[in-house]
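Reader: I would like a close look at one part of this model. Please keep it brisk and stay with what can be computed from the atoms.

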Amino acid sequence: MEAVFGHIDQNLSRFMDELFIVLRQPSISARWEGVEECATLVVTAMQQAGIDARILRMGGRRNGPLVFGEISHPANSRTLLVYGHIDVQPPEPLDAWSSPPFEPTIRNGRIYCRGSADNKGQFFCHLKAVESWLHCHGRVPVNVKFMLDPEEEVGSPSLRSFVARNRELFHADVAVNSDGPMDASGRPRVCFGNRGVLNIEVRAKGANQDLHSGNFGGPMPNAAWRLVDFFSTLRKADGTIAIEGFADAIATPTATERAMMEAMPFDESQSLHKYGLTHFAPPDGVTYMEKIMFRPTLNICGIASGYGGEGSKTVIPSRAMAKIDIRLVMNQDPEDIFNKLVLHARAYGFADIEFELLNSYHPSRTPVDHPFARRFTEAVRKGFGEEPVLVPSAGGSFPGAAIRNVLGTPMFDLPYGNADENNHAPDENLSIACFRNGIRTSAALLAELAA
Ligand SMILES: [Zn+2]
């Protein structure tokens, strides 16, 4: 490992230059801008790292380019699958960036650029770990496959079925995903799972046009009230979700998961202070971490109706719309929960409310006592020089279920981003130290998995 670690340090600035080529290429899947071009650049970067790489067409609306890579050695008995994604979130609002969003800029030891942390800079760590192994030892100690998704930021609409149709191609003993931030305490993390998500648009209708709120006010129904009345049926007073059967499938955390959760370094009062709050959302008596990892949510992301501009406008809105996201925990099923929501609306007299399922991810989790877990933990110790925080389930969502549930491959998440990476926000950044330690961790992981 010493030779590999030495090579990483000697070549770090070249690794960054090569990452910058990929970062400069916008790959905004939301409007399908530059994703194809980015896939081509990533194939080249993988080939330069010594990996056999090619583009696979996924089918679906975009027939998007999944970047597949493979490197093996006849003496290896194990295969690691690396998941990552080549697409990024839109950079807007542009004027909130301190430097242009697609021009990688180094300030204060950080690489500022859209995609630096989410996810180009992080999957690049795995490429460079392979390259360093090849340079120092002429081979990798385990076979490695890469699955780089072009549609992660828009809900990976094609991944699940594509993976199901190509099980042999993606067959591996274990998988890794490096995305998202490290622990807020500054320590690295090993995560075993993630919540699922269900993104839904909800629409209510009133009259066939907006109407004067005086001349028509009283008899005419208001679409905004209709939506608000509906939303008020969704939650009980204690903050739990009132949809019939919503919690039926929820798995209660095991004793080991509880112990891990309680060992996580999290200060609730500091968090309240940081966000200018006096109390957290109900229900009371459930810890912050339990809410994040083991409880579902029903979140109103945005509501639009009528007039919200300057001054007043006395109008009865004819349309009201909201976007909601429901975070799901093991073993809730997105489709089942969506159906229960629609049935709830009918049962409460809101059959006129329209629902559109925009996209979804299943929740997924690798058992926290999986025998490979200690190898990932050890790799992080060697790469970051710190004891990782063990996280049974991350609060966020990503298509881990395509690997854990569809392929049946255990997967561990090793986030390499600094805690303040600003993913999805202006001034997204990846600290150079995290980039370096990420490559070291990926390189150490290959050795750990071979042992
Ligand atoms: Zn993202």
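How many residues of domain 1 are in contact with domain 2, and how many of domain 2 with domain 1? Please set the answer in the context of the chain.

Author: Seven residues of domain 1 touch seven residues of domain 2. On the domain 1 side, four of these residues are nonpolar, two are polar and one is charged. Keep in mind that this is a predicted model.

Now the domains themselves. The domain assignment gives domain 1 two segments, 2-194 and 364-450. Domain 2 also comes in two segments, 196-250 and 296-361. The centres of the two domains, taken over C-alpha atoms, are 36 Å apart.

Next, the chain as a whole. It holds 12 helices and 19 strands. The C-alpha trace spans about 80 × 45 × 45 Å along its principal axes. Buried residues make up 46% of the 451. Take the contacts with a sequence separation of 6 or more: 79% of them join residues 24 or more positions apart.

Two packed helices are described by the angle between their axes and the distance between the axes. Helix α1 covers residues 2-23, and helix α2 covers residues 35-48. Their axes come within 9 Å and cross at roughly 160°. An angle over 145 degrees counts as roughly antiparallel. The two helices, α1 and α2, are therefore roughly antiparallel to each other. From α1, the contact uses E18, I21 and V22. From α2, it uses C38, L41, V42 and A45. By class, this α1 and α2 contact has six nonpolar residues, no polar ones and one charged residue.

Finally, a single residue. G383 sits in helix α10, which runs over residues 373-384. A residue counts as buried if 20 or more other C-beta atoms lie within 10 Å of its own. G383 has 27 within that distance, so G383 is buried. Leaving out residues up to four places away in sequence, G383 touches N437, R440, T441 and A444. G383 and L66 are 317 residues apart in sequence. In space, their C-alpha atoms are 28 Å apart.

Back to your request: the contact between domain 1 and domain 2 involves seven residues from each.

Note on methods. Residues numbered from 1 in each chain as written. Predicted model: local features only at pLDDT ≥ 70, side-chain atom pairs only at ≥ 80, totals over all residues. Domains from an automatic or database assignment. Contact = placed C-beta atoms within 7 Å. Nonpolar A, V, L, I, M, F, W, Y, C, P; charged D, E, K, R; others polar. Axes fitted to C-alpha atoms, helices over the stretch in contact; angles between N-to-C directions. Helix = DSSP H or I, 4+ residues; strand = E, 2+ residues; numbered from the N terminus. Parallel < 35°, antiparallel > 145°, perpendicular 65-115°, else oblique. Buried ≥ 20, exposed ≤ 12 C-beta atoms within 10 Å, placed from the backbone.
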